[in-house]
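This report describes a single protein chain from its coordinates. Please view the sequence and the structure together before reading on.

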Amino acid sequence: MKKTIILLILAMSLVNISCEQQPKVDQEKEKEAIIALIEEESQSYYDRDFDRWVACYVPSDNNIKIVAGQNWHTYQDGWEAQAED
């Protein structure tokens, strides 16, 4: 019984130590960075600058692009399909 209690205390201590070592996140800076990325992505799209637009994304097969209008829609699965567009 004593060993179980000691092991439980050690486990909880390790969890407590690992939680305290995580860096603090400045939420305001994160918000500003997200807004700046969205603005850059939009502006590069309107400028038809493909290289700038690509730099705003992580090229991955997990990317999905869905665009819809009143009378049409587009679905592109994967980075290669989007890069060809």
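## Overall layout

The model is predicted. The chain contains four helices and two strands, and their order along the sequence is α-α-α-β-β-α. Of its 85 residues, 11% count as buried.

## Helix α2 and its ends

Helix α2 covers residues 27-46, a run of 20 residues. From first to last C-alpha α2 reaches 29 Å, close to the 28 Å expected at 1.5 Å a residue.

The N-terminal end of α2 is capped by Asp26. A side-chain oxygen of Asp26 lies 3.2 Å from the backbone nitrogen of Glu28. Just after α2, Arg48 adopts a positive phi of about 55°.

## The strand pair

Strands β1 (residues 64-68) and β2 (residues 73-77) run antiparallel and are joined by five bridges. Val67 has Thr74 in β2 as its bridge partner.

## A nonpolar surface patch

Which residues form a nonpolar patch on the surface? They are Ile6, Leu7 and Leu10, which together have about 310 Å² of accessible area.

Leu10 belongs to helix α1, which spans residues 2-20. The relative accessibility of Leu10 is 49%, so Leu10 counts as partly exposed; the exposed class begins over 50%. An α-helix has 3.6 residues a turn, so residues three or four places apart point the same way.

Note on methods: Residues are numbered from 1 along each chain as its sequence is written. This is a predicted model: local features need pLDDT of at least 70, side-chain atom pairs count only at pLDDT 80 or more; totals for chains, interfaces and linings use all residues. Side-chain values use heavy atoms; hydrogens and water are left out. Two strands pair if DSSP finds at least two bridges between them. The expected span of a helix is 1.5 Å times one less than its number of residues. A polar contact is a pair of N or O atoms within 3.5 Å; within protein, one must be able to donate a hydrogen and the other to accept it, and residues adjacent in sequence count only if both atoms are side-chain atoms. Patches are made of residues with over 30% relative accessible area and no salt bridge: like charges are joined within 9 Å, nonpolar side chains (Val, Leu, Ile, Met, Phe, Trp, Tyr) within 5 Å. Accessible areas come from the Shrake-Rupley method with a 1.4 Å probe; for residues, only the protein chains shown count as cover. A salt bridge is a side-chain nitrogen of Lys or Arg within 4 Å of a carboxyl oxygen of Asp or Glu. Buried means under 20% relative accessible area, exposed over 50%, partly exposed in between (1.4 Å probe, protein chains only).
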